[in-house]
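Biologist: I have a model to go through with you. Shall we take it question by question?

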Amino acid sequence: MVTLDQATNSLHLAFAVLCLVGLIFLFRDHWIDSLRDHLFSLRDELFLYAVDNDLLQHPGYRELRDVMNGMIRFAHKLTFTRLVLVWMFRRRLGESAYSFASWRRKLLDLPECHSEMLTQFHWKMWICVTKHMLNRAIVLMPLLLAYHRINRLRRLAKEMPGFELLERQALAQR
Amino acid sequence: MAQNVNIGANRYDVIGRLIDGIVSVMITALVCGTIVVIGYWVYLTLIAYAGKSTSASVAISFVTDFKLDQVFAYFVGGSGALYGYRQRRLMRGNIERLSGRPRELEKRIDPNRTSSGLTPQGTTHPGDR
């Protein structure tokens, strides 16, 4: 037999779960804003580096900036679920004007230090995106704890399949 | 090659929209599913209690029999959410106020500067939702 106390406690639990759903939506918006904030900081750093080293007109810089802009704009759609879906559909996706390899080729005419620096900016962007996707996927949170060190996140960002496809999607959105 | 790239771009667009649709359906199903489960949970609670008293008395006691610790917990949780919401509004106002000048200065240095396409408050463009 259910007592009045048990019944009200049960209703409290239901209400608390509803509040939790609301909180998850608030946190989702926070994570998107946070990712955009990090990417804006990175884009500003990249801009200053390009100004200091006279790279503003270099196609490698311009393309990296376009990819960052695409990621900033596309941030609300960057989820682990999307990464998995894009990876699943990878064979149906045709050729794209952009690929990580083609972007690296554009850096070949730059001195080694600039080429390395731009590549670092690119990896920093992926570390931000990887952290964001792990934050948003509540079930993957334990992975974030496991990969809490930046160098490990960097390795994860390099090894996780489908990132390049997400970059292409972000560019296609622009 | 250029034609292949064009076909590829169209495919990206179509498949991108397909993925958008799948993700939207999954999120909607998850939210609706949670609400339905909660509704069913409440229904079961009321049914289980129905033999002893009316559903109305449970609902009334839910509102009136708040214990002090529960009131305090809801107050702290609600205040935290309100604080976060107000901070977010403040931050968006600040973004709008502070981002114009750097944009203008960057444009002077690099007239071909590309933009992220977000709103002045830094939120998702309505057309991208």
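Biologist: What pattern does chain A follow, read along the sequence?

Modeller: This is a predicted model. Chain A holds eight helices and zero strands. Read along the sequence, its pattern is α-α-α-α-α-α-α-α.

Biologist: In which helix of chain A is confidence lowest?

Modeller: The mean pLDDT of chain A is 84, and 83% of its residues reach 70 or more. Confidence is highest in helix α2 (residues 59-74) of chain A, at 93. Where pLDDT is low, the coordinates should not be read in detail. The lowest mean in chain A is 63, in helix α6 (residues 141-146).

Biologist: Are α1(A) and α5(A) roughly parallel or roughly antiparallel to each other?

Modeller: The axes of helix α1 (residues 4-52) and helix α5 (residues 112-136), both of chain A, come within 10 Å. They cross at roughly 175°. Angles over 145 degrees count as roughly antiparallel. Therefore α1(A) and α5(A) are roughly antiparallel.

Biologist: How many residues of the contact of α1(A) with α5(A) are nonpolar?

Modeller: On the α1(A) side, the contact includes A:Trp31, A:Ile32, A:Leu35 and A:Leu39. On the α5(A) side, A:Met117, A:Leu118, A:Phe121 and A:Val129 are among the residues. Four residues of the contact are polar and four are charged. The nonpolar count is 14.

Biologist: A:Cys113 also belongs to that contact. Is A:Cys113 buried or exposed?

Modeller: Exposed means over 50% relative accessible area. A:Cys113 has a relative accessible area of 52%, so A:Cys113 is exposed.

Biologist: How many disulfides are there over all chains?

Modeller: A disulfide needs two cysteine sulfur atoms within 2.5 Å. Take B:Cys32, which is partly exposed at 41% relative accessible area. Over all chains, the disulfide count is zero.

Biologist: Is A:Leu83 buried or exposed?

Modeller: A:Leu83 sits in helix α3 (residues 80-88) of chain A. Buried means under 20% relative accessible area. A:Leu83 has 2% relative accessibility, so A:Leu83 counts as buried.

Biologist: How far apart in space are A:Leu83 and A:Leu166, C-alpha to C-alpha?

Modeller: In sequence, A:Leu83 and A:Leu166 are 83 residues apart. For chain A, among contacts between residues at least 6 apart in sequence, 77% join residues at least 24 apart. C-alpha to C-alpha, the distance between A:Leu83 and A:Leu166 is 6.8 Å.

Biologist: What share of the residues of chain A counts as buried?

Modeller: A:Leu83 is one residue that counts as buried. Chain A has 174 residues. The buried share of chain A is 49%.

Methods. Residues are numbered from 1 along each chain as its sequence is written. Chains are lettered from A and ligands numbered from 1 in the order in which they are written. This is a predicted model: local features need pLDDT of at least 70, side-chain atom pairs count only at pLDDT 80 or more; totals for chains, interfaces and linings use all residues. Side-chain values use heavy atoms; hydrogens and water are left out. Buried means under 20% relative accessible area, exposed over 50%, partly exposed in between (1.4 Å probe, protein chains only). Axes are lines fitted to C-alpha atoms, for helices over the stretch in contact, and angles run from 0 to 180 degrees between N-to-C directions. Helices (H or I, at least four residues) and strands (E, at least two) are DSSP runs, numbered from the N terminus. Angles under 35 degrees count as roughly parallel, over 145 as roughly antiparallel, 65 to 115 as roughly perpendicular and the rest as oblique. Contact means heavy atoms within 4.5 Å. Ala, Val, Leu, Ile, Met, Phe, Trp, Tyr, Cys and Pro count as nonpolar, Asp, Glu, Lys and Arg as charged, and the others, Gly among them, as polar. pLDDT is the predictor's confidence in each residue, from 0 to 100.
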